[in-house]
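Please read the report below with the sequence and the 3D structure in view. Each heading takes up one part of the description.

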There are 2 protein chains.
Amino acid sequence: MLDLARPRATITTPAAAAVFTMVLTQGPVSRVEIARRTGLSSAAVTKAARPFIEAGYLAELAATERTGPGAGRPASPLAVRPDREYFLGVKITHEELIGVVTDLRSEVVASAHRPLPSTAPETVAAELAALTGDLLGRSPAYRERCRCLGLAVSGDVDRATGLVRYSPFLSWHDVPLGELATGATGLAVTVENDVKALTVAEHWFGEGVGTSSFALVTIGLGIGCAVVVDDRLVTGARGVAGEIGHVPVGGDGPPCHCGGRGCVEAIAGIPAVLHAARRALGEPELTLDGAIAAARAGDPAAREVFARAGTALGRAMAAMANLIGPERIVVSGDLPGLAAYELLEQHLRQSFTQQAFGAAADCLLVLRPRPFEQWARGAAAVAIQTLFTLQER
Amino acid sequence: MLDLARPRATITTPAAAAVFTMVLTQGPVSRVEIARRTGLSSAAVTKAARPFIEAGYLAELAATERTGPGAGRPASPLAVRPDREYFLGVKITHEELIGVVTDLRSEVVASAHRPLPSTAPETVAAELAALTGDLLGRSPAYRERCRCLGLAVSGDVDRATGLVRYSPFLSWHDVPLGELATGATGLAVTVENDVKALTVAEHWFGEGVGTSSFALVTIGLGIGCAVVVDDRLVTGARGVAGEIGHVPVGGDGPPCHCGGRGCVEAIAGIPAVLHAARRALGEPELTLDGAIAAARAGDPAAREVFARAGTALGRAMAAMANLIGPERIVVSGDLPGLAAYELLEQHLRQSFTQQAFGAAADCLLVLRPRPFEQWARGAAAVAIQTLFTLQER
């Protein structure tokens, strides 16, 4: 029986963090295997796992088979109990809130949208309270066993304090979103940049599982990116990192809104692609869907626009691979539908392979569209990560 | 009295590594301050420091002043005893060995060159033995208190095993240099890529001290680079990282030997600069010194060659700053003399500032020529680092 009266397991030692995170992201896994992968002793693994078993977060599966020759005892793998706790995640855009409830394994069990009448911080906080109330009201289990809310916002976010320093799409400067949301919802709130949140979800529960270096690139109004090195998100000494959109792959042009030249974003961001397609086809009212349709129908000028965008993205990703050498790169984002990715893919892969240095060309590239709801799932994954990471001073 | 009969202090715990490294790289520093910076308890700091004091590596300085209001005991800062142990470092080029002896603080106390009759691995090992014998023979202190040798080689090096996988300038494939050098010299040998070795020296004893993210760029036949994130050298999932020379900043050209296009190395590497200068001035026999002299004398075509090289370097460094956000970048290398750096500097800084995104533009750039001997000092620094780092499994 799951019972909230039981104390919640919390992370108080590096060993507890290592053991629980391994079972959460790579389980079911035996204690012997955990010991091997973490370098901890068997006794330390058992000691670290115990409070999580007692609090209902981990369960021992039935022993199935002996592991390897001479293994004395059959291995009883440890697995998470996904319904032990639920997590809320909300992506905040300038026009709506997209919310999900996930279980402990980051599987989405409920979702909802809610339009925003304005982006005034107090309004957003009130709408957040209404949205989370709606979602939690859908099951007694959510209401009883959900205490953590993750929020994903584009822009410059200080996760440690929950402060949104700057978010251009929301027109926010120094908004204490964490504080406002805690006040409005009564939940424990973590705020993170949206691309970083998506990266956390991929690293713990998606394509990045088991890798220690990993990157995610998103194509949208801007070109976003976050990088994981040695299992940690790279944050940059001055808060700037992962700005792959401003890697200058275009030589002396085109100019970019950032003041630079030849930036990937100025070639492959959605506004740049749309602008180029309108010019190439001589249709000032062309939509992105229209540009995609024209390219799919074989219009050479439209195809060339996507080819140039794909080449720019491939070059920038090669620059990243040459500098950092991630094991995998996931490319995703807000392009409408699979078709747009297909138009980019060949050129992206070709220029990546041409420009990646030596073995860096073997870096695995994964391209796929991602429904908008996944941004909210990323926010929930950040709440999970916050709960189960040893907090630094 | 220093006495080799005393056991050498070795690193057996993360706390020992943290405490000793902090005193070594940032000392003198009080135990209270070490505890504050490392997050260890005072008791843990005292316990970790004791074996190093007993073995003569650390000494307590005389207590000087009380630290802060209400401080009960005067602080006795800990400092390293630089002459407790000496370290050999050798840079191996295709034509000579450059060797140094440094003390524990990485100060060069002796140096020597030795031409190489060939780059055959056995010949190199024999010449290494002769060179190190020469250097150690210069003082009884060196002979008594030097047991570690660092070797720096350009190319692909596996530091863990001492294997040089590939070094184009030496025409080496899979040479077990660590083993050969240990056999020939009887010393404990660490082999490292030369740019990484220089980066270790800067990170522990130079411009990088106190930073946790840091990069070094070297200008030479190629453009080299190594990156430190979270106090660790980035190695790349497939052994490729820091290849800033192959960041494509030139748009569609020029072609590079790597198969890519627009690589920094194809614009700003010494051969590319010389080639461009010869064409621009119409002098097929022009030397690099000649090109530098022409630019210094105001020849516009020659100046333009250096301007383009500086711009390409600045853009690539901005790409790195945007992706990783290092606290500082040191630019150095094999260009002859200060004049060449002056020709590059203005354009490099200007294009860096233009292309760096937001606060990344505040990254400190340090440009300076570096005598060749410093590569050997880097090799010795790697030997120091190996001795005082907790070895991972």
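## Domains

In this predicted model, the C-alpha centres of domain 1 and domain 3 of chain A are 40 Å apart. Chain A is assigned domain 1 (14–83), domain 2 (85–200 + 375–387) and domain 3 (209–369); such bounds come from an automatic or database domain assignment.

Residues are numbered from 1 along each chain as its sequence is written, and chains are lettered from A and ligands numbered from 1 in the order in which they are written. Because the model is predicted, local features need pLDDT of at least 70 and side-chain atom pairs count only at pLDDT 80 or more, while totals for chains, interfaces and linings use all residues; side-chain values use heavy atoms, with hydrogens and water left out.

## Two copies

Chain B is superposed on chain A by a rotation of 180° with 0.0 Å of shift along its axis, and the RMSD is 0.1 Å. The two copies are thus related as by a two-fold rotation axis. The superposition is by least squares on the C-alpha atoms of residues with pLDDT of at least 70 in both copies.

Which residue of chain B comes closest to the rotation axis? It is B:Gly251, whose C-alpha is at 1.9 Å. The same surface serves both copies, since 100% of the contact residues of chain B recur in chain A. Contact here means heavy atoms within 4.5 Å.

## The sheet with β3 and β4 in chain A

Helices (H or I, at least four residues) and strands (E, at least two) are DSSP runs, numbered from the N terminus. Two strands pair if DSSP finds at least two bridges between them. In chain A, an open sheet of five strands has the order β5-β4-β3-β6-β10, with mixed pairing. Its edge strands are β5 (108–115) and β10 (188–193), each of which pairs on one side only. From one strand to the next, the twist averages 20°. Strands β3 (residues 86–92) and β4 (residues 96–102) of chain A run antiparallel and are joined by six bridges; A:Gly89 has A:Val100 in β4(A) as its bridge partner.

Helix α4 (residues 121–136) of chain A packs on this sheet and touches β3, β4, β5 and β6 (146–153) of chain A, its direction making about 145° with that of β5(A). Helix α6 (residues 177–185) of chain A lies across β3, β6 and β10 of chain A and runs at about 145° to β10(A). For these angles, axes are lines fitted to C-alpha atoms, for helices over the stretch in contact, and the values run from 0 to 180 degrees between N-to-C directions.

Is A:Thr102, at 0% relative accessibility, buried or exposed? A:Thr102 lies in strand β4 of chain A and counts as buried because its relative accessibility is 0%. Buried means under 20% relative accessible area, exposed over 50%, and partly exposed in between (1.4 Å probe, protein chains only). Not counting residues up to four places away in sequence, A:Thr102 touches residues including A:Phe87, A:Val109 and A:Ile384.

B:Thr311 is in helix α11 (residues 300–324) of chain B. With a relative accessible area of 22%, B:Thr311 is partly exposed. Not counting residues up to four places away in sequence, B:Thr311 touches B:His347, B:Leu348 and B:Ser351.

## Strand β12 of chain B

Strand β12 (residues 223–229) of chain B is mostly covered, with seven of its seven residues buried. In a regular strand the side chains alternate between the two faces of the sheet. B:Ile223, B:Cys225, B:Val227 and B:Val229 point one way from β12(B), while B:Gly224, B:Ala226 and B:Val228 point the other way.

Strand β11 (residues 214–219) of chain B runs antiparallel to β12(B), joined by six bridges, and B:Ala215 stands opposite B:Val227. The hairpin from β11(B) to β12(B) passes through three residues. β12(B) also pairs in the antiparallel sense with strand β13 (residues 232–233) of chain B, over two bridges. In the hairpin of β12(B) and β13(B), which has two residues between the strands, B:Asp230 takes a positive phi near 50°.

## The largest nonpolar core

A nonpolar core is a set of buried Ala, Val, Leu, Ile, Met, Phe, Trp, Tyr and Cys residues joined through side-chain atoms within 4.5 Å. The largest one has 113 residues, and those with the most contacts inside it are A:Ile244, A:Met320, B:Ile244 and B:Met320. Leaving aside neighbours within four places in sequence, B:Met320 is in contact with residues including A:Leu323, B:Ala215, B:Cys225, B:Val227 and B:Ile244.
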